[in-house]
Amino acid sequence: MNILQPIIDFFNHPVFIIIGGLTVVFAAIGIIYRVICIALGVTPLVFRIGKAIWRRKVAIIGSAEAFSSLKDCITDTNIFKKDNVIHIPNDNIEKSKEHTILLVDWETSGNHIDNIFLARKNHNTAVIIFAKPGSIPQEKMAEIGNRSNTVVVNFKGRLLNDILNSLITTSFDGK
């Protein structure tokens, strides 16, 4: 005990007490600042994606077979409710004006793509086109690429990611 006493006395000097106290205060302020930044940065995003998944509907435009395949791909993850995924046949594209996420099966609805773009409510309506690699002609791909909030997806594994990104990046005016 006598060996440690000079070391204890040295660090009990008022300079070390003041510096230690200031360091603890700065560390506490830094931790509080980081918690506030995380809360203000992440919380709105979490609420927005939660509200988008809970209330928004994904309209699948295509044949009944394409609809069942794409719906199973989306709802098997248990992220979306089955009631939030609806089918719009090719002969009733005008019905898509009510929805803010349109998933188009290129194989069965590719020849109606111009009507689909005309039928969407505004440019905040996301259009996700599911197509096999290389099935969209280059001139049509260039035209699609110039439209806002439009995504071309080639793989079902990537489809859910693009739907979630579209939900986050497009606005939702629902109550």
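Which element gives the largest share of the lining of the largest pocket? In this predicted model, that share comes from helix α3, with three residues. The space in the largest pocket amounts to about 150 Å³. Its lining is made up of Ala66, Ser69, Leu70, Asp105, Trp106, Glu107, Phe130, Ala131, Lys132, Ser135 and Lys156. Two or more of the lining residues are given by each of α3 and α4, the latter spanning 106-109. Sorted by class, the lining has five nonpolar, four charged and two polar residues.

Helix α3, which covers residues 64-75, also packs with helix α7, residues 156-169. The angle of this packing is about 65°, and the two axes lie 10 Å apart. Because angles of 65 to 115 degrees count as roughly perpendicular, α3 is described as roughly perpendicular to α7. The crossing of the two helices is right-handed.

On the α3 side, the contact is formed by Ser69, Leu70, Cys73 and Ile74, which meet Lys156, Leu159 and Ile163 of α7. The residues of this contact comprise five nonpolar, one polar and one charged. Ser69, Leu70 and Lys156 take part in the contact between α3 and α7 and also line the largest pocket.

Technical notes
Residues are numbered from 1 along each chain as its sequence is written. This is a predicted model: local features need pLDDT of at least 70, side-chain atom pairs count only at pLDDT 80 or more; totals for chains, interfaces and linings use all residues. Side-chain values use heavy atoms; hydrogens and water are left out. Axes are lines fitted to C-alpha atoms, for helices over the stretch in contact, and angles run from 0 to 180 degrees between N-to-C directions. Helices (H or I, at least four residues) and strands (E, at least two) are DSSP runs, numbered from the N terminus. Angles under 35 degrees count as roughly parallel, over 145 as roughly antiparallel, 65 to 115 as roughly perpendicular and the rest as oblique. A crossing is left-handed if the near helix is turned anticlockwise from the far one by less than a right angle, and right-handed if clockwise. Contact means heavy atoms within 4.5 Å. Ala, Val, Leu, Ile, Met, Phe, Trp, Tyr, Cys and Pro count as nonpolar, Asp, Glu, Lys and Arg as charged, and the others, Gly among them, as polar. On a 1 Å grid over the protein atoms alone, a cavity is a set of points where a 1.4 Å probe fits but cannot get out, and a pocket is an open set with protein on both sides within 12 Å along at least five of seven lines; lining residues have an atom within 4 Å of a point. Grid points are joined across faces, edges and corners, and a volume is the space filled by probe spheres set on the points.
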